[in-house]
Amino acid sequence: MSPTPLDSALHRFLRNLREIPEHFRASAVRGGLPSTDRTRSTFVFGNVFLHLHAVRAHRWSLRWSTTWGLGVTAIAAFLITLVTGVLLMLYYKPYPDVAYLSIKDIHFVVPTGRFIRNIHRWAANVMVVAVLLHMARTFYTAAYRAPREFNWLIGMALLVTTLGLSFTGYLLPWDQLAYWAITIGANIAAAPREVTDALGMTEFFDPGGLQKLLLLGSDQVGEEALIRFYLLHVMVLPLVLAGLAAVHFWRIRKDGGLVRPADADRRLGPPPPDTYPVFTEAPAKTYHLAAIVRGRTPAVGDGPEQTVPSMPHLFYAEAGVFMLTTLVCLALALVADAPLKELANSAVPENPAKAPWYFLGLQELVSYSAFMGGIGIPTIVMLSLGLIPYLDREEKGTGEWFGGPGGWPLTLQAIVVGFGAALLVEAVVIRFGWLREWFPAIPQLVITAVNPGTLLTAIYGGYSIWLVRRYDSTRAGALGLFTCFLCGFILLTVIGTYFRGPNWTFYWSPADWPVH
Amino acid sequence: MTVSPGPARSRLDPEPLPRRDFLGLASLGAALSALLFATLGMLRLPKAAVLSSPSKKFRVSLPDTLGEGVAYVPPGRSVALFRDGKGVHAVSTICTHLGCIVKPTAEGFECPCHGSRFAPDGSVVKGPAPRALAWVKVGGSGGNYVVDEDVRVPSGTKVTT
């Protein structure tokens with residue numbers, strides 16, 4: 001039997017050809033176009049990127065005051081640096097002196113090069129600020145508590161990676177600022193020598209020297225260091241950050257979404273009257289995978305009526321934050337140029353040689369002791385922060401700003417103590433000097449152990465322990481400690497940024513700097 | 001080899017370890033230790049065996065007019081040379097704190113980065129520097145000297161002219 005004309009292979013071919021657009025759309029979007037709540041849900045959990053979100057978001061999560069959008073700001077800034085960074089890589093050449101010239105080319109010759117570089121620089125700064133504020137938000141709403149302890153640690157790893165990205169990017173222009181900031185940074189890596197030298201064991205045990213050698217590939221900042229920093233900056237650290245971020249986001253979902261108070265539903269009141277009920281019948285089924293995984297089941301007793309579909313509600317919020325972040329970066333890039341000083345000169349240090357602003361608090365600390373300021377105290381701070389979710393296993397105040405025993409009054413007191421102690425210690429050192437000026441023959445180990453940085457850390461630690469006893473609560477101690485660390489960081493950063501001049505001497509204003 | 005689970009154990013619980021195949025565990029352990037050693041071996045690569053920095057040994061002639069206690073820094077070198085009645089010596093100008101280049105002054109040396117001060121003989125007077133500035137090897141005589149910045153000598157070592 002010969003095929004009828006309308007069903008011939010040629011006709012089928014033509015029909016398929018005609019149907020390509022529709023067929024293509026159907027093949028790409030499995031559940032159909034996201035036009036109803038049901039198809040939107042299918043769309044979200046059928047898409048590898050979108051399914052990092054739950055299909056529905058709690059109304060509490062969508063309040064601005066829950067997160068202030070800080071996490072999304074951080075990842076938005078990262079994406080902006082990613083795009084601008086790839087563009088900059090087209091012209092940047094990681095070789096000493098040539099690197100400097102290529103940055104000059106980017107600034108003066110490459111079409112939009114200056115603007116793109118400025119955006120890159122500003123987005124990096126926005127990212128650091130956003131990550132720090134995001135951490136503070138997570139802490140103050142006690143969002144690190146079970147089951148989110150591990151995600152707090154992932155977040156800390158993301159903070160370190162972010163700072164690492166900024167630090168490695170700082171060297172790439174190969175100007176005076178970069179060269180000396182990285183020389184100082186690399187020697188901080190070698191700072192364990194301060195202790196091993198004092199103990200006379202550097203010859204056979206030299207972890208500091210090894211760290212510096214691995215970082216620089218040489219004994220001074222040169223071509224090897226530049227290629228290593230470039231590799232870390234454009235390849236290793238972005239991949240690490242992307243991997244950690246993926247785990248971070250996935251765990252938010254797996255840990256039950258954003259943190260909210262136990263009585264969030266009551267505080268929110270009834271859902272808006274036009275809300276379409278999630279379950280129109282009593283839920284007969286729960287969603288646990290019977291006999292395969294353990295854990296609580298998502299639906300027990302009633303439908304999640306306080307939730308709204310992630311698409312569009314959550315996505316609109318995220319897109320809004322993303323656009324705002326882009327706007328801020330663009331505006332800053334139009335207003336202020338990324339700095340570029342003279343070509344790096346290994347014989348003449350920049351004076352003062354200042355690291356990027358977020359490291360100036362650390363630089364203030366290393367100006368007392370390289371080992372304690374650059375390695376010891378940061379390690380103590382990171383350990384304290386990492387242990388907080390495992391030590392604070394209380395439940396009061398979860399999901400509330402400054403929640404927990406003490407609350408806002410305690411935080412206010414801790415702000416006063418944090419700033420007060422840091423100001424006092426700094427004032428004493430700036431006015432009267434420190435142990436070496438008083439006792440010239442004092443052994444180095446004593447200065448390493450007892451210096452303004454360690455003293456301040458000890459004050460903060462002691463205050464925190466006092467709070468634990470006073471309020472009979474670990475959370476109270478954590479509130480005090482975190483607030484103190486934050487205040488100390490801010491104060492030291494401000495002093496390092498605005499009040500330190502040539503030879504790292506204290507000046508009230510750069511106008512008082514000596515002419516040199 | 002299968003053993004029926006005891007009544008106390010739910011079917012959700014993992015099988016107890018002793019029932020695992022010993023050979024399986026042993027080969028897994030072998031694979032992991034091979035991976036570990038391979039990783040350690042690869043970590044040797046980033047640790048440079050030859051340093052790319054330029055030679056630190058150079059020849060220098062001191063200006064005839066160089067006065068006692070006045071530092072002479074050869075261009076591009078991080079070392080300060082002194083000449084006095086007892087001979088010539090060289091002090092490294094790399095700060096022992098964080099590697100900045102110290103500046104010779106009338107009272108000794110001062111570091112621009114974190115304000116360390118050193119006496120003319122290199123010992124620490126003020127600031128965060130943990131050690132005295134290093135004295136480095138000077139050889140030769142007359143007007144010409146060979147300085148090796150990599151070879152440290154005890155403080156006070158001078159070459160007679």
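The interface between chain A and chain B takes 37 residues from chain A and 24 residues from chain B. Contact here means that the C-beta atoms of two residues, placed from the backbone, lie within 7 Å. The model is predicted: local features need pLDDT of at least 70, side-chain atom pairs count only at pLDDT 80 or more, and totals for chains, interfaces and linings use all residues. Residues are numbered from 1 along each chain as its sequence is written, while chains are lettered from A and ligands numbered from 1 in the order in which they are written.

On the chain A side, the elements that give two or more residues are α9 (176–189), α10, α11 (207–216), α12 (223–254) and α18 (435–438). Elements are DSSP runs numbered from the N terminus, with helices (H or I) of at least four residues and strands (E) of at least two. Helix α9(A) gives the most to this side, with 5 residues. By class, the side of chain A that touches chain B has 17 nonpolar, 12 polar and 8 charged residues. Ala, Val, Leu, Ile, Met, Phe, Trp, Tyr, Cys and Pro count as nonpolar; Asp, Glu, Lys and Arg count as charged; the others, Gly among them, count as polar.

Chain A itself is assigned domain 1 (42–262 + 309–350) and domain 2 (371–516). These bounds come from an automatic or database domain assignment. The C-alpha centres of the two domains of chain A lie 24 Å apart. Their contact takes 22 residues from domain 1 and 26 residues from domain 2. On the domain 1 side, α7, α8 (149–171) and α10 (192–198) of chain A each give two or more residues. That side has 17 nonpolar, 1 polar and 4 charged residues.

The largest nonpolar core has 128 residues. Such a core is a set of buried Ala, Val, Leu, Ile, Met, Phe, Trp, Tyr and Cys residues joined through C-beta atoms within 7 Å. A residue is buried if 20 or more other C-beta atoms lie within 10 Å of its own, exposed if 12 or fewer, and partly exposed in between, with C-beta atoms placed from the backbone. A77(A), M127(A) and A178(A) have the most contacts inside the core. Helix α7 (residues 113–140) of chain A gives the most to it, with 13 residues. Domain 1 and domain 2 of chain A both give residues to this core, so it lies between them. M127(A) touches A74(A), A77(A), F78(A), T81(A) and T162(A), not counting residues up to four places away in sequence.

Chain B contains 1 helix and 9 strands. Of the 161 residues in chain B, 27% are buried. Among its contacts with a separation of 6 or more, 35% join residues 24 or more positions apart.

Strand β2 (residues 79–84) of chain B pairs with β3(B) in the antiparallel sense over 6 bridges. Pairing requires at least two DSSP bridges between the strands. A hairpin joins β2(B) to β3(B) through 2 residues. L81(B) stands opposite A90(B) in β3(B). In β3 (residues 87–92) of chain B, 5 of the 6 residues are buried, so this strand is largely enclosed by the rest of the structure.

A further 4 strands of chain B form an open antiparallel sheet in the order β4-β5-β6-β7. Strands β4 (103–105) and β7 (124–126) of chain B stand at the edges, each with a single partner strand, so one side of each is left without a neighbour in the sheet. Strand β6 (residues 117–118) of chain B pairs with β7(B) over 2 bridges, in the antiparallel sense. The bridge partner of R117(B) in β7(B) is K126(B).
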